[in-house]
Amino acid sequence: QVQLVESGGGLVQAGGSLRLSCAASGRDISSYAVGWFRQAPGKAREFVAAIDFHGDFSHYGNSVRGRFTISRDSAMVYLQMTSLKLEDTAVYYCAASVRSTSRAESIYDHWGQGTQVTVSG
């Protein structure tokens, strides 16, 4: 059973940057397509970005396109977040799929516990 662990969250001022990381234990993360989602208080979980198994293809949610970049290496999947806005405040989750990338949560087989990102004005 794979376990996903997110790290890199924290408090940042608007306009700043953060990089989130997602690591897997129990199985090589390169076996999975990986997505990032986020959930703000009182809101539904939202698709942020996803990357395929080899890092050749990625896609983004409309609200983050052009500001966030998803990438991966042999050990981790990253979410580089720049030009952060107040509305980016949320718990960020990584999720892994053995099938493909998707905006749909149902595709993902495994989820991390999340890391809090708070953007202050």
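How many bridges join β1 to β3, and which way do the two strands run? In this predicted model, β1 and β3 are joined by five bridges and run antiparallel. Within that pairing, Glu6 has Cys22 of β3 as its bridge partner. The two strands belong to an open sheet of four strands, ordered β1-β3-β8-β7 with antiparallel pairing. Its edges are β1 (3-7) and β7 (68-72), each of which pairs on one side only, and neighbouring strands in this sheet are turned against each other by 15 degrees on average, direction ignored.

**The disulfide**

Searching the whole structure gives one disulfide. Cys22 and Cys94 form this link, with their sulfur atoms 2.1 Å apart. It connects distant parts of the chain, since Cys22 lies in strand β3 (residues 18-25) and Cys94 in strand β9 (residues 90-97), 72 residues apart. The link of Cys22 and Cys94 is right-handed, with 65 degrees about the S-S bond. Cys22 counts as buried because its relative accessibility is 0%, under the 20% cut-off, and Cys94 is likewise buried because its relative accessibility is 0%.

**A residue with positive phi**

Ser83 is placed in the loop between β8 (76-81) and β9. Its phi is near 50 degrees, a positive value in a residue other than glycine. Ser83 has a relative accessible area of 40% and is therefore partly exposed, as that class runs between 20% and 50%.

**Aromatic side chains**

| Aromatic pair | Geometry | Centre to centre | Between the planes |
|---|---|---|---|
| Phe37 and Phe47 | edge-to-face | 5.6 Å | 70 degrees |
| Tyr108 and Trp111 | edge-to-face | 6.1 Å | 70 degrees |

Ring pairs join Phe37, Phe47, Tyr108 and Trp111 into a cluster.

Which rings does Arg45 lie over? The charged end of Arg45 sits over the ring of Tyr93, 5.1 Å from its centre, and Arg45 also lies over the face of Trp111, at 4.0 Å from the ring centre.

Key. Residues numbered from 1 in each chain as written. Predicted model: local features only at pLDDT ≥ 70, side-chain atom pairs only at ≥ 80, totals over all residues. Heavy atoms only, no water. Disulfide = S-S within 2.5 Å. Buried < 20%, exposed > 50% of the residue type's maximum accessible area, 1.4 Å probe, protein only. Pairing = 2+ DSSP bridges. Axes fitted to C-alpha atoms, helices over the stretch in contact; angles between N-to-C directions. Phe/Tyr/Trp six-rings, centres within 6.5 Å; stacked < 30°, edge-to-face > 60°. Lys NZ or Arg CZ within 6 Å of the ring centre and 35° of its normal.
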